[in-house]
Amino acid sequence: MTTQPPPSRYKVVERGRRLEVIDTRTGKPASSHHAPPPPLSGGESLFPRMRRLRQSPPASGTAGLDADTFVTKAFYDAKAPRTIRINFVTRKRLDSVRFGGAIAIALLVALGFLFWPLAIGVLGFLLSDKVRAQLRDASTRFVDTLDQVR
């Protein structure tokens, strides 16, 4: 013999594109005894200090994958900071460099797992000042070939 659970005291109905919980014993909407949840505004109401730290987004779109321009950093560009305008040709060149870099990193990681003593030597080689300066000069020459905003 199976026993059924008792019927639920509450039911959910849709009224005016909103869901309401109705108490079946009283026939009235169920009241909530807690405060409404804070608005989903990125935590500004929970952390007032964040409001001061957050900056408004730039109007012309200067960051991200779909931006119109980007500003170079001194880590990879000797002439930094400079603003580079992104057009179709520039975006294709940067995408190909990013794709090639991802493949190179994946190969280095795979070879690092297979030949880990060699990976330590390659890491030391890449961290040397002379090699870093040559890599930075090469990336500066690449950035020089891109269209620049003056």
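Author: Gladly! Two strands count as paired if DSSP finds at least two bridges between them; strands (E, at least two residues) and helices (H or I, at least four) are DSSP runs, numbered from the N terminus. This is a predicted model, in which local features need pLDDT of at least 70, side-chain atom pairs need 80 or more, and totals for chains, interfaces and linings use all residues. Residues are numbered from 1 along each chain as its sequence is written, and side-chain values use heavy atoms, without hydrogens or water.

Let us begin with the hairpin. Strand 1 (residues 10–15) and strand 2 (residues 18–23) run antiparallel and are joined by six bridges. Within this pairing, Val13 stands opposite Glu20 in strand 2. Two residues separate the strands of the hairpin, and Gly16 in the turn has a positive phi of about 60 degrees. Arg17 sits in the loop between strand 1 and strand 2, and although Arg17 is not a glycine, its phi is also positive, at about 65 degrees. Arg17 counts as exposed because its relative accessible area is 79%, where exposed means over 50%, buried under 20% and partly exposed in between (1.4 Å probe, protein chains only).

Now for the setting of this hairpin. The protein has four helices and four strands, and from the N terminus on its elements follow the order β-β-α-β-β-α-α-α. Of its 150 residues, 11% count as buried.

Thr140 lies in helix 4 and is buried, because its relative accessibility is 7%. Beyond residues up to four places away in sequence, Thr140 touches Tyr76, Asp77, Ala78, Lys79 and Arg82 (contact: heavy atoms within 4.5 Å). Ser139, also found in helix 4, is in contact with Tyr76 and Asp77 once its neighbours within four places in sequence are left aside. Ser139 and Phe75 lie 64 residues apart in sequence, yet their C-alpha atoms are 9.9 Å apart in space. Across the protein, 38% of contacts between residues at least 6 apart in sequence join residues at least 24 apart.

Phe75 leads us to the largest pocket, where Phe75, Ile105, Leu108, Leu126 and Leu135 lie nearest the centre among 26 lining residues. Helix 2 (88–114), helix 3 (116–126) and helix 4 (129–145) are the elements that each give two or more residues to this lining. Helix 2 supplies the largest share, nine residues. By class, the lining has 21 nonpolar, three polar and two charged residues.

Definitions and conventions: 1 Å grid on protein atoms, 1.4 Å probe; cavity = no way out; pocket = protein on both sides within 12 Å on 5 of 7 lines; lining within 4 Å. Nonpolar A, V, L, I, M, F, W, Y, C, P; charged D, E, K, R; others polar.
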